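Here is a short report on one protein chain. Keep the sequence and the 3D view side by side as you read.

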Amino acid sequence: MTFWQSVIWSGRFVPARWLVALAALMTAVSLLEGVGVLLLVPLLAILSGAPADNQMAQALLHGFGWFGLRPTITTILGAFVALVTVRAVLGALRDQFSNAVQLQAVDEIRSESLRMLLAAEWRWLARQRRSDYAALVTIEVSRLGLGVRAAIALAAALTGLLAYLAVAFMIAPTMSVIALLSGLILYALLYRVRRRAVRLGEETSRVNRAMMGTVEESLGALKLAKVLRLEARYLNFLTGIFADIRKAQSEYIAVNAYAQAIWQIMASVLLAGYVYAGYAWLHADTPTLLSLVVVFGRLSPIFLEAQRQVNQLLHAVPLAQSLSKTLAEAKAAAAPRMVVHLPPIVAEREIRLDDVSMTYHDRDRAALSHVSLTFPARSTTAIIGKSGAGKSTLADILVGLVAPDSGEVLVDGKPLSGEERDRWLTSISYIPQEVTLFHDTIRGNLLWGR
């Protein structure tokens, strides 16, 4: 999955009309900001008493006549304040809507992840670590939300850049071309910084999953740790994992900090060069020159913000790739849709396994190999054997949780497959060997089962 494919994949979790509305707000804010800057040219011309030799400035001055206004300092300042006010209101709406879009994306991705996991066959789910599920629906989805926010902020920065570049071209086309080319060159020089952001994103995903697995296993064994007096060993083990996470996060912050420092230094050099070129070589008038200083001064932090958001977005790309791959695998492993309205199956005579075999994907040896057994109805059967003999696999097949690779499971001579396996699952009472108690009342725990 490429950079843009990751962005599109994340964006599909947000309604299209929301994205259109957000784009419209961003465009309106940028246009108003651009017009506000353009008003500086005639304003500075009036204040300095030196007419601006600029067609755009003259067009703005004549534009006041369309509204029956004279282009005085009072009307220009009033128009400037009005534009800033409208822009501020729309900017607040844009920010609120951006946050809503981010939260919507996070909620939908988390819900989709849970739906895919719950719909997957148990055989596929059993191959994964439970901590990976927890990391996926908590840490990883939240981190991907930061990537969505970065994409929104990048879009806002790009619309702002386009607005200011348009203003710059209207004021001084030649200097604007020089500024645009130099900015693109500087962006290309920061390529290694962006590649480093991708690698650190991959490393952060790895250590976060390792942390979830280690914490879950370690906290689940607290009683054993205390009995064996291994508290110090557990503490050292956990702090080592946390140190790996801190290292990855610190490196990413350092990469961004150095990139910002380099850009700020280079931007100041370029801005000084633009001003000197406009003054010494292009002989720009004072209002035009001062307006360009404002425009290029605003372009620098916006470009820096765009670069920072690109890094943040690239940092989240490996996460989007991993998440989309996991969801695709879960979807491919989806179990048949459960039918809950059909009557349960009652075994009147027997449950029979006929030449049943099953092998897990990561093992060479079969868990069950050509097993044929008969369980009489209304009887109790105990299955004993050493660890790894296949008892749990046999139980999973008997209750219909997984289907065998070959052979059949029959209830009163009728095979359990497809819809019948779903009916059989609703007919079974099952007590697992792992105790599961929710943080709820006794009644609340019992109601989960019935």
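An open sheet has four strands in the order 2-1-3-4, with antiparallel pairing. Two strands count as paired if DSSP finds at least two bridges between them. Strands of a sheet pair through backbone hydrogen bonds, either parallel or antiparallel.

The model is predicted: local features need pLDDT of at least 70, side-chain atom pairs count only at pLDDT 80 or more, and totals for chains, interfaces and linings use all residues. Residues are numbered from 1 along each chain as its sequence is written, and side-chain values use heavy atoms, with hydrogens and water left out.

**The sheet**

Strands (E, at least two residues) and helices (H or I, at least four) are DSSP runs, numbered from the N terminus. Asp 354 stands opposite Glu 408 in strand 3.

Helix 13 (residues 391–398) lies across strand 1, strand 2 and strand 3. Helix 13 runs at about 125 degrees to strand 1. Such angles run from 0 to 180 degrees between N-to-C directions, with axes fitted to C-alpha atoms, for helices over the stretch in contact (heavy atoms within 4.5 Å).

**The nonpolar core**

A nonpolar core is a set of buried Ala, Val, Leu, Ile, Met, Phe, Trp, Tyr and Cys residues joined through side-chain atoms within 4.5 Å. Buried means under 20% relative accessible area, exposed over 50%, and partly exposed in between (1.4 Å probe, protein chains only). The largest core here has 34 residues. Among those with the most contacts inside it are Trp 263, Phe 296 and Leu 299. Helix 12 (286–332) is one of the elements that give two or more residues to this core. The largest share, ten residues, comes from helix 12.

**Aromatic pairs**

Rings of Phe, Tyr and Trp (its six-membered ring) pair if their centres lie within 6.5 Å; planes under 30 degrees apart count as stacked, over 60 as edge-to-face and the rest as tilted. The count comes to two aromatic pairs.

| Pair | Centre to centre | Angle between planes | Type |
|---|---|---|---|
| Trp 18 and Phe 97 | 5.8 Å | 45 degrees | tilted |
| Phe 438 and Trp 448 | 4.5 Å | 20 degrees | stacked |

Trp 18 lies in helix 2 and Phe 97 in helix 5, 79 residues apart. Trp 448 is exposed, at 59% relative accessible area, whereas Phe 438 is partly exposed at 38%.
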